[in-house]
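Thanks, everyone. Let me put the structure up, and then we'll walk through a few spots.

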Amino acid sequence: MTEVINLPDYSKKVVAEALVLYKKHIETTLDLIDEANGLGTAIEQEHLNYLHFDLIGLIGVFKEKKAGIEIRIDSIARATFSGTHGVDFPLWYGVDV
């Protein structure tokens with residue numbers, strides 16, 4: 001059986017903030033690559049450029065107030081979550097799971 005959880009707005013905000021930090025890290029890395037311009041950096045730079053573009057879209061999705069984000073998790077995966085990840089599956093106040 002699969003459980004469906006609607007991600008609350010405050011959790012969407014946490015994810016958006018994390019994505020923004022990740023995007024800034026990529027921008028800094030791209031700047032350093034531009035400065036170094038070393039051998040083999042073109043492939044890494046291309047990958048980071050694509051990743052940077054994808055992050056901009058994901059940040060928009062998580063910041064969009066009218067977008068609903070669902071988490072679907074198999075009941076077995078839910079039951080073994082803490083053993084797999086070393087942390088309890090998140091519980092959100094006011095969200096039925």
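Start with Lys 23. Setting aside neighbours within four places in sequence, Lys 23 is in contact with His 52, Leu 55, Ile 56 and Ile 59. Keep in mind that this is a predicted model.

Is Lys 23 buried or exposed? It counts as buried, because its relative accessibility is 18% and the cut-off is under 20%. Lys 23 sits in helix 1.

Now step along to Lys 24. Lys 24 is also in helix 1, which covers residues 9–36. Lys 24 has 47% relative accessibility, so it counts as partly exposed.

What about the helix itself? Helix 1 has 28 residues, so at 1.5 Å a residue it should span 40 Å. Its end C-alpha atoms are 40 Å apart, which agrees. Several residues of helix 1 are buried, among them Ala 16, Leu 19, Val 20, Ile 26 and Leu 30.

Next, the aromatics. How many aromatic pairs does a search of the whole structure find? Two. In one, the ring centres of Phe 81 and Phe 89 are 5.0 Å apart. Their planes stand at 85 degrees, so this pair is edge-to-face. The other joins Phe 89 and Trp 92, with 6.1 Å centre to centre and 85 degrees between the planes. That one is edge-to-face too.

Together, Phe 81, Phe 89 and Trp 92 make one aromatic cluster. Now their accessibility. Phe 81 is buried at 17%, Phe 89 is buried at 12%, and Trp 92 is buried at 11%.

Conventions. Residues are numbered from 1 along each chain as its sequence is written. This is a predicted model: local features need pLDDT of at least 70, side-chain atom pairs count only at pLDDT 80 or more; totals for chains, interfaces and linings use all residues. Side-chain values use heavy atoms; hydrogens and water are left out. Helices (H or I, at least four residues) and strands (E, at least two) are DSSP runs, numbered from the N terminus. Buried means under 20% relative accessible area, exposed over 50%, partly exposed in between (1.4 Å probe, protein chains only). Contact means heavy atoms within 4.5 Å. The expected span of a helix is 1.5 Å times one less than its number of residues. Rings of Phe, Tyr and Trp (its six-membered ring) pair if their centres lie within 6.5 Å; planes under 30 degrees apart count as stacked, over 60 as edge-to-face and the rest as tilted.
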